[in-house]
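Colleague: I have just opened this one and would like a careful walk through it. Could you take me along step by step?

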Amino acid sequence: MKINRFMIAAPKSGSGKTMITCALLQLLKDSGKNVLSYKCGPDYIDPMFHKKVLGVPSKNLDTFFTDEKTTVQLFLDERADGDFAVLEGVMGLYDGLGGIYEQGSSYHLAKVTQTPIILVVDAKGMGKSVLALIAGFLQYDTQHLIKGVLLNRMSKGYYDIIKPLIEKELSVKVVGYFPEQKDIGLSSRHLGLVMPDELSDIKKQLNETADRLKKTIDMDLFIDIAEDADEIGDSGNADVYNEKNTGNCDQNEFSQNKAINTVNIAVAMDEAFCFYYEDNLRMLEKCGAQLLYFSPLHDTSLPEDCDAMLLGGGYPELYARELSKNVSMLNAIKKAFIAGMPTVAECGGFMYLHTYIRNICDDTDEQNKADVQNKADIQNDMNKSKLVGALDGGCHFKGKLVRFGYIELAEKHSNFLPPNEKIKAHEFHYYDSTDNGADCIATKPATGRSYDCVISHDNYWLGFPHLYYPSNPHFAESFVRKAYEYRRNKNGKLL
């Protein structure tokens, strides 16, 4: 399949990848290209910015979560010849598993998908030293995938001097520069960037950034690099993926006649709960589920006739007061959970099911305090917001990362996974629970260290880890099957 493509990567985090990626997406969209976007690694917020530009979901690709062949198939799924794809890297170009392995890095993804790389270098405060930096990255590029360099936070005057020097000495194209933008930027908080819908002028910012970038780059060179990318796989791979990675879904009795047997999964989706991998949601649909989106913040009840609940991650701590006031929704979720409705809750969704969230930590700084609580409440360090209460105890803000990084999860007793199988996941949370569960064993792939986590039973899987279903499609199949069994028992007959 011929997918025109390039990856925006950088030597380190904080180099401006997301802002420049979004600006390029806007420029390509304006030029009439059928633009698609991907994010390397387990990131939820950057894809939201991509979607804000394109109006269609962005997908995650990760070579730790899936093997090389599956990663390519996920890349090609639902794509067509001539599409134009922009991939945004993660961290530094060569930073992978454990910070030292290639697996999981932007470079590994580029290598697996044979995607040309545009290296965005934050050149502020650098002179000729920028050549040494670029030279090192080029030397490490064994596949010769770096096809261009963009110099971020550089003045026009110095760009005119340094560009010919880079191209002469390093034999790599300089595709442009971008001056420092003091009036445009994406602010961060404890889980990454502030989400796009929280920025009232985000569309204006992205359009303004695109307009400015257009004046300082060679857009034709970007397009040439993308169009020079080799064909990848073949047009049949996406169908092979759909069959291979939904296991026996199409043979399950609940999906023999989807018009009749579709089950309904209520998916929490609003300002507080919005961290979902696009391929997770699509996999549930391919297994026969209809997704019914609802808002724990704004709705008063679960969607009508739902058979399961999916409570994803997000920022419930920032909306704890509003969530606690929506008593009708809290009671509806608790009632459904106690009645045995199949439930998967990850990170923020897991926190939401507790009896309370306590946002204040004695040893955190004032800036982080202000991020999770109104200033008027900072002095009250016993502040607790009452939540669903399906789980005893609560979640407490720790003021620092509690757990971070990739893990592999195995159930001690088979509930959602076949015996002796694992699913891959990622953790990134500043809160801890009074009961993190002990029904699964999490293993850190880089070190082999393991620990207990997750509360798992016949009908629920609850914990901090964010799962990636394509790493083991049996999880999605089991969840949908449990929803079907719940629906059948609820109605007293086979639908």
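Modeller: In the protein chain, counting contacts (heavy atoms within 4.5 Å) between residues at least 6 apart in sequence, 79% join residues at least 24 apart. This is a predicted model, in which local features need pLDDT of at least 70, side-chain atom pairs count only at pLDDT 80 or more, and totals for chains, interfaces and linings use all residues. Residues are numbered from 1 along each chain as its sequence is written, and side-chain values use heavy atoms, with hydrogens and water left out.

Colleague: How many helices and strands are there in the protein chain?

Modeller: The protein chain has 16 helices and 26 strands, where helices (H or I, at least four residues) and strands (E, at least two) are DSSP runs, numbered from the N terminus.

Colleague: And why is helix α4 largely enclosed?

Modeller: Helix α4 (residues 106–113) is largely enclosed by the rest of the structure because 7 of its 8 residues are buried, meaning under 20% relative accessible area with a 1.4 Å probe, protein chains only. Those buried residues are Ser106, Tyr107, His108, Leu109, Ala110, Val112 and Thr113.

Colleague: What covers them?

Modeller: The cover includes β1 (4–9), β2 (35–40), β3 (59–61), α3 (68–76), β4 (84–88) and β5 (117–122).

Colleague: Switching to α3, how many of its residues are buried?

Modeller: In α3, 7 of the 9 residues are buried, among them Thr70, Val72 and Phe75. At the start of α3, a side-chain oxygen of Asp67 reaches to within 3.3 Å of the backbone nitrogen of Lys69.

Note on methods
Buried < 20%, exposed > 50% of the residue type's maximum accessible area, 1.4 Å probe, protein only. Polar contact = N/O pair within 3.5 Å; in protein donor to acceptor, adjacent residues only side chain to side chain.
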